[in-house]
Amino acid sequence: MVRMKSVDIIYRYETRDTPARSRPLDSVAALDRLNDGNREFAALLENPSDQHVERIISVDSRDLGLGDATLPKQRPFAAILGCSDARVPVELIFNEGPNDLFVIRIAGNGLGTEILGSLKYAVDNLRGSLKLIVVLGHSGCGALTTAVDVFLDPTNYLPLVTMHSLRRILDSLLVVVRASARKFRSVFGPEISDHPRYREALIEASIVNNAALGAYSIQQELGNGDPAKLQTVYGVYLLETRQVWAPRVSEIKEIGLASAPREPAEFIKLGNAIFQSDRIQSLLQL
Ligand SMILES: [Zn+2]
């Protein structure tokens, strides 16, 4: 039996006399903080051994209204649109605590009216602290998996015909799956659909395309201000390694959140980067 190391992740509430917990001052610092936080979280659980490891996340007690008569002021530095999947606890995977992140979760992390409305609220009302908007997909996403299965065999759609609420989520994801499948065919030829791991590769490529498209759409709808002040990024949380993965245009780097494409032409380049990424390439190797 392999002995796992024990890990304590501790939220430590500081006394009210300590200085307020710092917040990133711009979008670059906010991005660095989330990437660093995820790197630390992933590293914490790597290399199973019987060691004991402790990680302390300092939390300002005032962010929970402790020791103070006044209500805490809402001051998140990032808004995150993630999937509802219970395996992706957003604050935990970024090493953050209360009042750090404005989190919206919905199956498949797609954009709907209520999602955009919530983000618009954050952008309009929390602009003092908010520096970053993140769209976060995750590997093995059930919503994208269902969309791929419907795409590959439309008879899978029949049981969903009367489930209007589910179809609403699914129909928007199918657009991304179709685009990803078209890209697969143009890069690898039509015989790619016979590859034994085609379904798996199509699911994973669709997941990252969906996150990038979400970030692009949010930027177009809400990001008419200075991008240095409010940046939109995307990534995919890998259940396998607990790291955030994001192939990107004109960079070999694949780990960490990446900036949203700025124009439609960048999607073509991003599509190439996704298919050239180590992760998708390794899925297609037997
Ligand atoms: Zn999911």
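In which loop is the place of asparagine 109? Asparagine 109 sits in the loop between E4 and H3. The structure is a predicted model, in which local features need pLDDT of at least 70, side-chain atom pairs count only at pLDDT 80 or more, and totals for chains, interfaces and linings use all residues. Residues are numbered from 1 along each chain as its sequence is written, and side-chain values use heavy atoms, with hydrogens and water left out. Helices (H or I, at least four residues) and strands (E, at least two) are DSSP runs, numbered from the N terminus.

**Loop residues with positive phi**

- Most residues other than glycine have a negative phi.
- Asparagine 109 is not a glycine, yet has a positive phi of about 40°.
- With a relative accessibility of 3%, asparagine 109 counts as buried; buried means under 20% relative accessible area, exposed over 50%, and partly exposed in between (1.4 Å probe, protein chains only).
- Asparagine 99 also has a positive phi, near 70°, and is placed in the loop between helix H2 (90-93) and strand E4 (101-105).
- Asparagine 99 counts as buried, at 17% relative accessibility.

**Helix packing**

- Two packed helices are described by the angle between their axes and the distance between the axes.
- The axes of helix H3 (residues 113-125) and helix H6 (residues 198-222) cross at roughly 55° and come within 11 Å; axes are lines fitted to C-alpha atoms, for helices over the stretch in contact, and angles run from 0 to 180 degrees between N-to-C directions.
- H3 is therefore oblique to H6, since angles under 35 degrees count as roughly parallel, over 145 as roughly antiparallel, 65 to 115 as roughly perpendicular and the rest as oblique.
- The crossing of H3 past H6 is right-handed, a term used if the near helix is turned clockwise from the far one by less than a right angle, with anticlockwise giving left-handed.

**Salt bridges**

- The whole structure contains 15 salt bridges, each defined as a side-chain nitrogen of Lys or Arg within 4 Å of a carboxyl oxygen of Asp or Glu.
- Glutamate 96 and arginine 33 form one of them, with the closest N and O atoms 2.9 Å apart.
- Because glutamate 96 lies in the loop between H2 and E4 and arginine 33 in helix H1 (residues 27-44), this pair ties together parts that are 63 residues apart in sequence.
- Both glutamate 96 and arginine 33 are buried.
- Aspartate 36 and arginine 39 meet in a salt bridge (2.9 Å, N to O); both lie in helix H1, 3 residues apart, about one turn of the helix.
- Aspartate 36 is partly exposed at 35% relative accessible area, whereas arginine 39 is exposed at 51%.
- Aspartate 149 pairs with arginine 199 in a salt bridge, the closest N and O atoms being 2.6 Å apart.
- Aspartate 149 belongs to helix H4 (residues 142-152) and arginine 199 to helix H6, so this pair ties together parts 50 residues apart in sequence.
- Aspartate 149 counts as partly exposed, at 22% relative accessibility, and arginine 199 is partly exposed, at 41% relative accessible area.
- Salt bridges that share partners join Arg23, Arg33, Asp63, Arg75, Glu96 and Asp100 into one network.

**Surface patch**

- Tyr11, Tyr13, Leu64 and Leu66 form a nonpolar patch on the surface, together having about 360 Å² of accessible area.
- Tyrosine 13 lies in strand E1 (residues 6-14) and is partly exposed, with a relative accessible area of 39%.
- Patches are made of residues with over 30% relative accessible area and no salt bridge, like charges being joined within 9 Å and nonpolar side chains (Val, Leu, Ile, Met, Phe, Trp, Tyr) within 5 Å.
- Accessible areas come from the Shrake-Rupley method with a 1.4 Å probe; for residues, only the protein chains shown count as cover.
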